[in-house]
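Welcome! Take a moment to look over the sequence and the model below, and then let us walk through some of its features together.

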Amino acid sequence: MFPYIRKLSKTINTSLYEIPIIEDLLFIRGIKQNNESIQEVFSRVIENLLVLDTKLNNNKIDSVFTSKVIKSIETKDIILSTPLITNIGRNHNPVGACTVLKPYSTNGEFNSLSFQDNAKLMLSAGVGIGYDLSGLNNPISAVKKINEILFEIDDFLKENKLRPSATMLTVRADHPKILDIINIKRNFDFQRSKFNISIFVDESLFRAAKSNDIWYLKNQNDQIEDKIEATFLIKSIASSAHYCGEPGLLYKDRFEKDNPTPHYPFSSTAPCAELAMAENDLCHFGYINLNSLATSKGKNGLGVDFLKLEDSVRIITRLLDSAVQYSIDANPKTTEKIISRRRIGVGVAGFASLLVSLHIPYDSVEAVKLASEISEYIDFVSKSESCNLAKKRGSFPDFEKSQYKDDKWLKRKNANSTGIINAKDWDNLYSSISLFGLRNCSTTAYPPTGTSSRMACISSGIEPYYSLKSNFRDSVSKKLGESYIYSEIYDAIKNKYPEKTKFKEIINQILSNDNLSSLIPITNMPYIKIALQIDSLAHLKILSAFQSFADDGVSKTINLKNNITVEEIESIIWFSYNSNIKGLTVFRNGCLNERS
């Protein structure tokens with residue numbers, strides 16, 4: 001049985017990955033080792049996942065599914081997360097992408113030894129970590145110590161060609177030291193900091209600010225220690241974000257509202273705030289290559305192949321369920337939360353690439369509509385597939401005491417429907433979930449996709465291009481001097497201006513300067529823009545669109561021009577409150593270079 005899978009996995013064609021700069025990336029990140037070829041990397045991963053899938057399938061080989069997996073990885077239609085590709089079949093590390101750990105003892109004191117040991121273990125496996133500091137009496141001294149430890153760990157990771165560390169530190173907005181936390185990167189030298197800081201807020205803070213009310217700061221026993229104006233707290237967050245891009249905002253009540261298993265309350269978040277997690281939970285990520293969905297059979301000759309999207313989502317959902325099982329089987333200390341929730345996150349990569357391929361501007365109504373449709377479609381299909389898996393393999397163990405048993409909660413996203421999925425199909429799915437359950441407590445999340453996107457030669461996650469110049473190329477794009485240009489951009493310009501002189505003029509402008517203020521009128525191509533050319537409101541609308549059907553959060557940076565004011569950032573914060581967004585991160589271009 002398994003020799004058949006082993007033999008088939010070795011037939012994978014990895015020619016699209018066998019490009020020197022991608023091979024270097026895989027080696028630097030520790031995905032490929034000295035004694036491995038790229039084909040052996042993917043054969044190792046595919047073999048182990050398909051063996052587990054067969055075991056979960058009552059030891060019956062699904063030859064159709066097996067062929068689809070191999071093909072979709074060959075063509076980069078689906079992309080697996082870095083921890084998964086790095087660790088599967090190689091060691092007994094977990095293959096989830098992120099977890100949350102507790103950094104302090106019951107008396108509210110920072111436990112540096114425990115922090116160092118646990119952080120090194122998880123970060124060495126490529127797992128991002130979130131830590132909530134709300135239970136610390138003195139989070140300021142802890143943050144400084146944490147930075148020292150993470151810097152030492154990062155040196156170790158680099159020396160051993162492992163994935164760089166990724167860490168989130170969160171603090172509740174009513175902590176007595178909240179103002180010190182907000183300003184910590186202003187008062188100390190954290191130029192080499194190895195963590196992100198976010199503040200857990202809830203809607204009550206904004207209601208208090210609207211009424212010009214007082215905001216009370218409380219100790220660990222919920223006793224009031226101090227008070228400040230709610231408006232002052234929001235302004236302080238905006239001022240610090242203007243200064244250095246931190247802290248971010250996290251709406252904890254909104255995360256908890258969508259928590260399918262509230263008996264495991266969320267503690268902190270993944271490093272880029274795409275999902276909140278309970279302590280010792282683990283989530284497994286995989287991504288849909290959206291650019292691979294561009295088709296010439298849509299409206300006006302261009303469109304999205306939603307049937308292909310459905311197939312890709314079903315494949316990645318089923319593969320991720322096997323990845324969860326791998327983590328459970330590989331580690332005898334697997335926590336109850338991982339076993340009882342079987343949490344996965346189907347995400348996306350290449351949204352900006354798709355928009356260029358479809359000639360849709362990122363800052364357009366059409367882009368927002370498409371983002372909403374994609375989010376709804378992925379949520380529906382991933383839930384449908386997870387329900388199918390539950391019929392055959394059983395639902396996640398905590399299903400019976402989850403919020404899925406509440407019909408109102410189950411249908412909570414109905415108001416956001418775009419019509420891409422028929423209402424009757426949603427109702428049928430709800431009935432199936434009530435009858436058979438779900439295999440995974442959550443199925444969708446939108447994390448960043450840095451390394452994974454670079455492997456696929458597409459834009460990262462749902463972000464616009466930060467630059468039109470790229471550090472990689474595939475079989476379509478060209479090397480121009482010392483730089484590369486994304487394939488879809490190269491093709492779009494060449495198709496628009498086939499005459500060599502004009503084409504070369506535009507390409508040279510891109511290579512010499514990313515400020516496209518003069519380029520756009522020349523090319524008449526409004527769908528080719530970089531992040532800083534896109535208004536903050538347009539960034540937020542795309543974030544809100546993907547959030548509309550996400551189980552968890554969305555990783556998205558709102559890139560801002562250097563001359564934006566603190567007041568404008570404050571208005572962005574208020575927009576996030578009014579738009580039901582779960583998390584907000586802004587970054588003012590060049591702000592770190594202004595620090596003395």
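In this predicted model, helix H11 (residues 230–244) and helix H24 (residues 566–578) pack at an angle of about 120°, with their axes 8 Å apart. Angles of 65 to 115 degrees count as roughly perpendicular and those over 145 as roughly antiparallel, and H11 and H24 are therefore oblique to each other. The crossing in which H11 passes H24 is right-handed. On the H11 side, the contact is made by Ile234, Lys235, Ile237, Ala238, Ser239, Ala241 and His242, while H24 brings Val566, Ile569, Glu570, Ile573 and Trp574. Sorted by class, this contact has eight nonpolar, two polar and two charged residues.

H11 also has a contact with helix H10 (residues 203–210), where the packing angle is about 115° and the axes are 7 Å apart. Here Leu205, Phe206, Ala208 and Ala209 of H10 meet Ala230, Thr231, Leu233 and Ile234 of H11. By class, the H10 contact with H11 has seven nonpolar residues, one polar residue and no charged ones.

| Helix pair | Angle | Axis distance |
|---|---|---|
| H11 and H24 | about 120° | 8 Å |
| H10 and H11 | about 115° | 7 Å |

Now follow the chain on from H11. The loop between H11 and strand E8 (248–251) is the place of proline 247. What kind of peptide bond joins glutamate 246 and proline 247? The bond is cis, with omega at about 5°.

Asparagine 59 is not a glycine, yet its phi is positive, at about 60°.

Next, look inside the model. Divided by class, the lining of the largest cavity has six nonpolar residues, five charged ones and no polar ones.

Notes: Residues are numbered from 1 along each chain as its sequence is written. This is a predicted model: local features need pLDDT of at least 70, side-chain atom pairs count only at pLDDT 80 or more; totals for chains, interfaces and linings use all residues. Side-chain values use heavy atoms; hydrogens and water are left out. Axes are lines fitted to C-alpha atoms, for helices over the stretch in contact, and angles run from 0 to 180 degrees between N-to-C directions. Helices (H or I, at least four residues) and strands (E, at least two) are DSSP runs, numbered from the N terminus. Angles under 35 degrees count as roughly parallel, over 145 as roughly antiparallel, 65 to 115 as roughly perpendicular and the rest as oblique. A crossing is left-handed if the near helix is turned anticlockwise from the far one by less than a right angle, and right-handed if clockwise. Contact means heavy atoms within 4.5 Å. Ala, Val, Leu, Ile, Met, Phe, Trp, Tyr, Cys and Pro count as nonpolar, Asp, Glu, Lys and Arg as charged, and the others, Gly among them, as polar.
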